[in-house]
Amino acid sequence: MLEASRKLMDYVEGSRAAVAFTGAGISTECGIPDFRSKDSAWARHPPMPLGEFLASEHNRAEAWRRKFAMDDVYRGARPGKAHRAIARLVAENRMLGVVTQNIDGLHLASGVPAEKIAELHGNGGYAVCLSCERRHELDQVRASFEATSTAPRCACGGIVKSATVSFGQSMPAAAMALARSLVQRCDLMIVAGSSLVVFPAAGFPLLAVRNGARLAIVNREPTPLDDAADLVLRGDIGEIFGPLA
Ligand code: NAD
């Protein structure tokens, strides 16, 4: 076993209430590119800020074109080793839950109950009406978009948008409340695969430290919070979490 895996396991064994904070790096081994790594497909199809999305029909159609192009990049992605390790720790009641920036739904797919996942940036697996909040399934949205090349509208006339949180959009209150509750109760915060530069999400590991929790960061690159961490493991997430799965 890798020395890094053993260290992580020691931290988990020394904790009674761990929480995971995950970012795009936990899903790269599943075929979903992260945001900031070189040549990311997200750079070719960047998510559109809310203001731009609301500004015109033309922009909304472009946002949906990019969204479906990215969906094709990672269609059929399945949970990886770190997702499975986290799901196991939650099932064994050693981990309270997961705070995630990811929109890929892979924590749910790995078996973590929905009520233990705080999806801070929403979920890319469905769409919502911005007026009446009705849920719209992507298959139908895509079929209509491909037939008409126009952005979908809800039956109420409202604008339909992917259920992700765009730049400029307010953070989802329920997910923020769940994240705060998890972080305030944890004695160990394990960050996996985040550059920790997107706020307010990246404030949660800091909040955990201020509340007296230990902080472990697993990432292949340095992060701005490395100095605040008790343990920094620089390496591949799948390899490091593998033995815990
Ligand atoms: P980020 O792209 O800014 O950072 C990812 C970090 O993970 C990087 O530091 C990278 O070096 C590291 N990394 C990537 N693969 C790794 C691996 N196999 N092993 C170890 N480290 C690895 O991601 P972020 O901090 O989550 O912020 C990006 C934003 O984009 C988030 O808001 C998120 O909502 C969104 N996003 C989500 C997904 C997803 O749902 N899977 C994918 C891309 C972007």
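**Reading the calls in a predicted model**

Reader: Where is Met 48 found?

Author: Met 48 sits in the loop between α2 (41-44) and α3 (50-55). Keep in mind that this is a predicted model.

Reader: Why is Met 48 called buried?

Author: The cut-off for buried is under 20% relative accessible area. Met 48 has 8%. That value is under the cut-off, so Met 48 is buried.

Reader: How far apart are Met 48 and Asp 227 in sequence and in space?

Author: They are 179 residues apart in sequence. From C-alpha to C-alpha, the distance is 33 Å.

Reader: Now a loop residue with Ala 151. Which loop holds Ala 151?

Author: The loop between α7 (138-148) and β6 (160-164) holds Ala 151.

Reader: Is Ala 151 buried or exposed, and what makes the call?

Author: Its relative accessibility is 9%. Buried means under 20%. Ala 151 therefore counts as buried.

Reader: How far is Ala 151 from Asn 59?

Author: In sequence, 92 residues separate Ala 151 and Asn 59. In space, their C-alpha atoms are 8.9 Å apart.

Reader: Ser 149 is in a loop too. Is Ser 149 buried or exposed, and how do you know?

Author: Ser 149 lies in the loop between α7 and β6. Exposed means over 50%. Ser 149 has 53% relative accessibility, so it counts as exposed.

Reader: What is phi of Glu 133, and where is Glu 133 found?

Author: Phi of Glu 133 is near 70°. This value is also positive, and Glu 133 is not glycine. Glu 133 is in the loop between β4 (122-129) and β5 (135-137).

Reader: Why does Glu 133 count as exposed?

Author: Its relative accessibility is 64%. Exposed needs over 50%, so Glu 133 counts as exposed.

Reader: What about Arg 88: where is it, and why is it called partly exposed?

Author: Arg 88 is in helix α5 (81-91). Its relative accessible area is 40%. Partly exposed lies between the buried limit of 20% and the exposed limit of 50%. Arg 88 falls in that range, so it is partly exposed.

Reader: Why does Ser 15 count as buried?

Author: Ser 15 is in the loop between α1 (3-13) and β1 (18-22). It has 11% relative accessibility. That is under 20%, so Ser 15 counts as buried.

Reader: What makes the pair of Ser 15 and Ala 17 a polar contact?

Author: A polar atom of the Ser 15 side chain lies 3.3 Å from the backbone nitrogen of Ala 17. The cut-off is within 3.5 Å. The pair meets that distance.

Reader: On to the ligand. How many residues surround the ligand, and which are the closest?

Author: There are 26. The closest are Arg 36, Gln 101, Asp 104, His 121 and Ser 195. The shell divides into 8 nonpolar, 12 polar and 6 charged residues.

Reader: How much of the ligand does the protein bury?

Author: Taken alone, the ligand exposes 860 Å². The protein buries 95% of that.

Reader: Why is the ligand said to lie between domain 1 and domain 2?

Author: Both domains give residues to the shell around the ligand, so it lies between them. Domain 1 is 1-32 + 78-121 + 170-245, and domain 2 is 35-73 + 124-164.

Reader: Last, the core. How many residues has the largest nonpolar core, and which have the most contacts inside it?

Author: The core has 28 residues. Leu 8, Ile 86, Met 95, Ile 190, Val 218 and Phe 241 have the most contacts inside it.

Reader: Which element gives the most to this core?

Author: Helix α5 does, with 6 residues. Among the other elements giving two or more residues are α1, β1 and β8 (214-219).

Reader: Where is Pro 200, and what makes its peptide bond cis?

Author: Pro 200 is in the loop between β7 and α9 (203-210). The bond from Phe 199 to Pro 200 has omega near 10° and is cis.

Methods:
Residues are numbered from 1 along each chain as its sequence is written. This is a predicted model: local features need pLDDT of at least 70, side-chain atom pairs count only at pLDDT 80 or more; totals for chains, interfaces and linings use all residues. Side-chain values use heavy atoms; hydrogens and water are left out. A residue is near a molecule or strand if one of its heavy atoms lies within 4 Å of it. Accessible areas come from the Shrake-Rupley method with a 1.4 Å probe; for residues, only the protein chains shown count as cover. Ala, Val, Leu, Ile, Met, Phe, Trp, Tyr, Cys and Pro count as nonpolar, Asp, Glu, Lys and Arg as charged, and the others, Gly among them, as polar. Domain bounds come from an automatic or database domain assignment. A nonpolar core is a set of buried Ala, Val, Leu, Ile, Met, Phe, Trp, Tyr and Cys residues joined through side-chain atoms within 4.5 Å. Buried means under 20% relative accessible area, exposed over 50%, partly exposed in between (1.4 Å probe, protein chains only). Helices (H or I, at least four residues) and strands (E, at least two) are DSSP runs, numbered from the N terminus. A polar contact is a pair of N or O atoms within 3.5 Å; within protein, one must be able to donate a hydrogen and the other to accept it, and residues adjacent in sequence count only if both atoms are side-chain atoms.
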